[in-house]
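Follow the stops below in order.

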Amino acid sequence: MHGDDIDTKETIDEHLVDEMLYCYLKSHNCTLFTQLTGHMDNTRPTYYVGIKDYKRYIVTATGILLANLTGTVTNMTKDECKAEMNRIYEPGTSDNQNYYWIVTNITVENAGYCNKNLVNFTAAVSPAFTIDGYNWSSGTYPSWSESVWMKLGLRMFMKPSPSYEKLVFLSGLGVLAVSFLCVLSLKKHITHLVSSIVSDSVLHNAGVAGTS
């Protein structure tokens with residue numbers, strides 16, 4: 001088969017892409033995530049991943065979304081699907097398959113289907129934090145610290161209108177021009193002014209001395 005004979009056209013679900021953009025960028029309380037998880041989330045969207053609370057709503061919704069897009073639909077009931085989900089996490093289980101119950105209508109009880117997939121969640125925890133008596137100076141496993149902000153603040157500055165900015169700028173230029181003119185005028189007549197002041201002072205002192 002020649003390469004020219006292969007159909008490389010892909011079908012893009014524009015509605016799904018639009019829903020995903022809205023859910024990730026605007027609000028978690030969207031139709032797509034609600035159907036996947038079975039409940040709404042009214043919390044503020046946050047994508048910061050920590051160690052202790054790694055399994056947030058956005059993480060769970062993303063995992064189920066990937067499972068829904070890559071997995072296969074089974075004919076299991078809701079109870080059977082949950083039983084398989086619990087069996088996967090039992091000690092000694094080597095099955096890599098996972099199961100999620102995908103809700104199709106949150107207003108109807110048990111409305112949905114069981115999805116079989118390969119999606120799994122893993123805690124992002126370095127072995128350095130789980131090994132008792134670990135030698136932190138060995139550098140065998142990565143370790144890090146996280147910054148904590150005890151207090152958050154916000155400073156707002158009002159931006160004036162363009163006309164007001166022009167008025168202030170022109171006023172400043174006017175004051176600058178007047179200042180230059182005053183300095184030049186004083187510099188030009190400084191000799192005459194100083195001599196007049198000195199002459200008046202001398203005459204005044206002479207008059208005072210004559211009176212005495």
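**A helix pair and its surroundings**

Helices α1 and α3 run roughly antiparallel to each other, because their axes cross at roughly 165°, and angles over 145 count as roughly antiparallel. This is a predicted model.

Select residues 14-25 for α1 and residues 57-70 for α3. The two axes come within 12 Å. The crossing of α1 past α3 is left-handed.

Next, show side chains at the contact. From α1, pick L16, M20 and Y24. They meet I58, T62, L65 and L69 of α3. By class, this contact has six nonpolar residues, one polar and no charged ones. Look at the spacing as you turn the view. An α-helix has 3.6 residues a turn, so residues three or four places apart point the same way.

How far apart are its end C-alpha atoms? They are 20 Å apart.

Which residues of α3 are buried? Select Y57, I58, A61, G63, I64, L65 and A67. Then bring up what covers them: the cover includes α1, α2 (31-37), β2 (98-103) and β3 (112-117).

Finally, zoom out to the protein chain. Five helices and three strands make up its elements. Along the sequence they follow α-α-α-β-α-β-β-α. Colour by burial: 17% of the 212 residues count as buried. Among contacts with a separation of 6 or more, 40% come from residues 24 or more positions apart.

Notes: Residues numbered from 1 in each chain as written. Predicted model: local features only at pLDDT ≥ 70, side-chain atom pairs only at ≥ 80, totals over all residues. Heavy atoms only, no water. Axes fitted to C-alpha atoms, helices over the stretch in contact; angles between N-to-C directions. Helix = DSSP H or I, 4+ residues; strand = E, 2+ residues; numbered from the N terminus. Parallel < 35°, antiparallel > 145°, perpendicular 65-115°, else oblique. Left-handed = near helix turned anticlockwise from the far one by under 90°. Contact = heavy atoms within 4.5 Å. Nonpolar A, V, L, I, M, F, W, Y, C, P; charged D, E, K, R; others polar. Expected span 1.5 Å × (residues − 1). Buried < 20%, exposed > 50% of the residue type's maximum accessible area, 1.4 Å probe, protein only.
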